[in-house]
Amino acid sequence: MNLSAPFLQAELRFEAETHQYFWTGGEIPGCTRMIGELGLIGGREWMTEAAAERGSRIHLAVRYECEKRLEYETLSDEETPYLLSWIKFCAEHKVEPIMLEAPVAHPILLYGCITDFFGLVDGRQIIIDFKTMKSAPRRCKPWWKIQTRLQRMALIAAGIADEKCTTENMVLT
């Protein structure tokens, strides 16, 4: 794994407030925006500002839990069950994070993405994209798979992940 790839340093900039990616001086599209512009993300009425904020807080809590610096008293009663889903998963598997909530750019196709989790689970490379939902859906939404495959392509092209790397959409409930 080449964690010193140039775009992981100063060349890639992610503006969280506007969800924009900038690389080598210009804006590049994000993978979720690209999927949306293709009309593959239907029914975005669920993505309220409150839901987006809750998801961001839970993603940050998972990151801090992985980094062993989570202050549990900062979690709300609403957020705690989501984090407990992740803690349960970690208790059942050997989890070794390498990158958490990290922006990545595909160096050839020129798009950006945020990788929620890239690391080893039970010794195997995996990209996990967290979905925070009040109840687990019966099945994965098709665009979720496209999103994680684009993340995988970017990590492989950048020399960070290898071809054996798998992807997973993990619903935290």
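**Exercise 1. Work out how β2 and β3 are joined, and what sheet they belong to.**

Step 1. Start with the pair itself: strand β2 (residues 20-23) is joined to β3 by three bridges, and the two run antiparallel. A quick word on terms: strands (E, at least two residues) and helices (H or I, at least four) are DSSP runs, numbered from the N terminus. Two strands pair if DSSP finds at least two bridges between them.

Before going on, know what you're looking at: this is a predicted model, where local features need pLDDT of at least 70 and side-chain atom pairs count only at pLDDT 80 or more, while totals for chains, interfaces and linings use all residues. Residues are numbered from 1 along each chain as its sequence is written, and side-chain values use heavy atoms, with hydrogens and water left out.

Step 2. Find a facing pair: Tyr 21 stands opposite Ile 28 in β3.

Step 3. Now zoom out. The open sheet has three strands in the order β1-β2-β3, with antiparallel pairing. Its edge strands, β1 (12-15) and β3 (26-28), each pair on one side only. From one strand to the next, the twist averages 35°. For angles like this, axes are lines fitted to C-alpha atoms (for helices, over the stretch in contact), and angles run from 0 to 180 degrees between N-to-C directions.

**Exercise 2. Is Gly 25 buried or exposed?**

Step 1. Locate Gly 25: look in the loop between β2 and β3.

Step 2. Gly 25 counts as exposed, because its relative accessibility is 81%.

**Exercise 3. Describe α4 and say what covers its buried residues.**

Step 1. Check the length. α4 (residues 142-157) has 16 residues and reaches 23 Å from its first C-alpha to its last, close to the 22 Å expected at 1.5 Å a residue. The expected span is 1.5 Å times one less than the number of residues.

Step 2. Pick out the buried residues of α4: they include Trp 143, Trp 144, Leu 150 and Leu 155.

Step 3. Look at the cover, which includes α1 (31-37), β4 (95-105), β5 (112-121), β6 (124-132) and β7 (166-172).

Step 4. See what follows: after α4 comes Gly 159, with a positive phi near 80°.

**Exercise 4. Which residues have the most contacts inside the largest nonpolar core?**

Step 1. Define the core: a set of buried Ala, Val, Leu, Ile, Met, Phe, Trp, Tyr and Cys residues joined through side-chain atoms within 4.5 Å. In soluble globular proteins, nonpolar side chains tend to be buried together.

Step 2. Read off the answer: the largest core has 20 residues, and Met 99, Val 104, Phe 118, Leu 155, Ile 160 and Ala 161 have the most contacts inside it.

Step 3. Ask who supplies it. α1, β4, β5 and α4 each give at least two residues, and α4 gives the most, with six.

Step 4. Follow Leu 155. Leaving aside neighbours within four places in sequence, Leu 155 is in contact (heavy atoms within 4.5 Å) with residues including Thr 115 and Ile 127.

Notes:
Buried means under 20% relative accessible area, exposed over 50%, partly exposed in between (1.4 Å probe, protein chains only).
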